[in-house]
Amino acid sequence: MEMSERQQQFSGTSAVRAGQEIDAGRLHEWMAAHVEGYAGPLTIEQFKGGQSNPTYKLITPGQDYVLRRKPPGTLLPSAHAVDREYRVITALHAQGFPVARTFGLCQDNEVIGTWFYIMDCVDGRVIWDTTFPMVPKAERRAYFDAMNKTMADLHMIDPVAAGLGDFGKPGNYFARQIGRWSKQYLEDEAAGRVPSMDRLVEWLPANIPPGDEVSIVHGDYRCDNMIFHPTEPRVLAVLDWELSTLGHPLADFSYHLMMYRMPPATTTGLVGNDLAALGIPSEAEYVAAYCQRTGRDGIEHLDFFVAYNMFRLAAIVHGIRGRVVRGTAASAHAKKSAEGVELLADLAWEQAKKLGAR
C-alpha cells in the first residue's frame with residue numbers, strides 16, 4: 001500500500017539535525033560507566049519524529065539503544081521533563097506494561113549539554129496515519145482493539161503499587177490542567193493570541209463536570225506514540241511519556257478518542273472517512289470496548305472531556321509555535337505543526353458549543 005505523507009515524514013532515522021548534535025565521545029564514556037552491558041563503537045542517528053524531545057538511535061555492535069534528551073536552548077519551566085518520563089517508564093516496565101526497558105538517566109548538563117535518558121530500542125513498527133493504511137482492512141479492528149486494551153490496562157494499574165503514588169497531585173485534575181495550559185498559553189507572547197483559545201480559557205473552568213478519579217495517565221496516547229509488533233496487532237511499547245502524570249483516566253481516554261472528531265488535514269483525524277469501509281470501529285464501539293474493560297456503564301460528559309483535550313492540544317501546539325518563533329523547535333516539521341493552532345482551538349470551541357457555550 002502507498003505510504004502516507006506522515007509515514008514518510010516521520011518514520012525512521014536521518015542524520016543528526018543542525019544544532020542538536022551530540023558529542024559521541026562524551027556519550028560513549030558516560031554509557032560505558034552507567035549502562036550495563038554497553039560496548040562501543042557508537043554510531044548516532046536521529047529519529048525524524050520526536051518533536052518535543054529530540055530522540056536518537058544509538059547503534060552499537062551488541063544492541064541498539066534510544067536516547068531522549070531535553071532540546072537545547074531556552075525552555076519553559078516544567079516542559080521536556082525527561083526525568084519524569086524515565087521514572088514512569090521504569091516503573092511501568094516493572095509492572096509488565098508494554099514500555100521499553102530503561103538503562104540510565106543523566107541529569108548532568110556537562111555530558112551532552114542537556115539531561116537525557118537511555119532505553120532499549122524496540123523493534124517493530126510505528127503507524128503514523130490513524131486510518132492504518134499499511135494494515136490490511138481485515139486486521140484494522142484488531143489494531144484498534146490492541147490500542148484500546150493497552151490504554152485500559154494502563155488505567156487499571158494501581159499507582160501506589162507501581163511506586164508512582166506521588167507522580168502527580170491527586171484530585172481537581174481538570175481545574176489544575178486547565179489552569180496550567182491557560183497560563184502557558186497566555187504567557188507565551190511570542191506565539192500570539194487566538195480568539196477561540198481566549199473564549200475557552202474563560203468557559204472551561206466554569207463548566208467542569210462533577211466527580212473525580214485518579215489513575216496513571218499517558219497524556220499523549222495516540223497510534224504514532226506506540227510501537228506495534230512487526231506483523232501482529234499487538235502493542236510492544238508505548239512511547240513519549242513526557243506529559244504523563246496522575247490524572248483523570250477519562251481525560252486521557254478522551255484525548256485518544258479525539259481521533260474520531262478531528263479532520264485528517266493537520267491532525268490525522270478520522271472525520272470524513274467511511275469507517276465501516278476501512279474496517280475501523282465506530283466511536284461508540286470504541287467507547288463501549290474501553291468501558292467494558294474498565295468496568296464502566298458509559299462516559300457521561302464526553303463532549304466536555306473532548307473540548308478540554310482539544311483546548312489542551314491547541315495549547316501544546318501553540319507552545320510549538322512559540323518555539324518555532326524563538327528558534328528552539330526540535331523537529332523539521334514543527335513549523336507545519338504550529339500552523340494548526342487556530343483549527344484546533346476552533347474545533348474545541350465547537351465541542352463547547354454542543355454544551356451550550358456562546
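Helices (H or I, at least four residues) and strands (E, at least two) are DSSP runs, numbered from the N terminus. In a regular strand the side chains alternate between the two faces of the sheet. Residues are numbered from 1 along each chain as its sequence is written. Because the model is predicted, local features need pLDDT of at least 70 and side-chain atom pairs count only at pLDDT 80 or more, while totals for chains, interfaces and linings use all residues; side-chain values use heavy atoms, with hydrogens and water left out.

Strands of a sheet pair through backbone hydrogen bonds, either parallel or antiparallel. With strand 1 (residues 13–14), strand 2 pairs in the antiparallel sense over 2 bridges, and T13 stands opposite F47. With strand 3 (residues 55–59), strand 2 is again paired in the antiparallel sense, over 4 bridges. In strand 3, L58 is the bridge partner of I44, and I59 is that of T43.

These strands belong to an open sheet of 6 strands, with antiparallel pairing and the order 1-2-3-4-6-5. Strand 1 and strand 5 (102–106) stand at the edges with a single partner strand each, so one side of each is left without a neighbour in the sheet. Helix 2 (residues 24–34) packs on the sheet and touches strand 2, strand 3, strand 4 (64–69), strand 5 and strand 6 (116–120), its direction making about 65 degrees with that of strand 6. Helix 3 (residues 82–94) also packs on the sheet; it touches strand 4, strand 5 and strand 6, and its direction makes about 155 degrees with that of strand 5. Contact here means heavy atoms within 4.5 Å. Axes are lines fitted to C-alpha atoms, for helices over the stretch in contact, and angles run from 0 to 180 degrees between N-to-C directions.

Helix 5 (residues 137–155) and helix 8 (249–257) pack at an angle of about 165 degrees, with their axes 10 Å apart. That angle makes helix 5 roughly antiparallel to helix 8 (angles under 35 degrees count as roughly parallel, over 145 as roughly antiparallel, 65 to 115 as roughly perpendicular and the rest as oblique). The crossing of the two helices is right-handed; a crossing is left-handed if the near helix is turned anticlockwise from the far one by less than a right angle, and right-handed if clockwise. Helix 5 contributes M147, N148, M151, L154 and H155 to the contact, and helix 8 contributes P249, D252, F253 and H256. These residues divide into 5 nonpolar, 3 polar and 1 charged, where Ala, Val, Leu, Ile, Met, Phe, Trp, Tyr, Cys and Pro count as nonpolar, Asp, Glu, Lys and Arg as charged, and the others, Gly among them, as polar.

In helix 7 (residues 195–203), the buried residues are S196, M197, L200, V201 and W203. Buried means under 20% relative accessible area, exposed over 50%, and partly exposed in between (1.4 Å probe, protein chains only). The cover over these residues includes helix 6 (173–187), helix 12 (302–326) and helix 14 (341–354). A348 is placed in helix 14 and counts as buried, at 0% relative accessibility. Leaving out residues up to four places away in sequence, A348 touches L200, A307, M310 and F311. A348 and Y308 are 40 residues apart in sequence, and their C-alpha atoms are 7.1 Å apart in space.

R261, in the loop between helix 8 and helix 9 (264–267), also counts as buried, at 13% relative accessibility. Neighbours within four places in sequence aside, R261 is in contact with V271, E283, L302, D303, V306, M310, L347, Q351 and K354.

Some backbone angles remain to be described. Most residues other than glycine have a negative phi, and most peptide bonds are trans. The peptide bond from G40 to P41 is cis, with omega near 5 degrees, and P41 is in the loop between helix 2 and strand 2. D240, in the loop between strand 9 (235–238) and strand 10 (245–247), has a positive phi near 60 degrees. H301 is in the loop between helix 11 (283–294) and helix 12 and has a positive phi of about 65 degrees. At 32% relative accessibility, H301 counts as partly exposed.

Methods: Two strands pair if DSSP finds at least two bridges between them.
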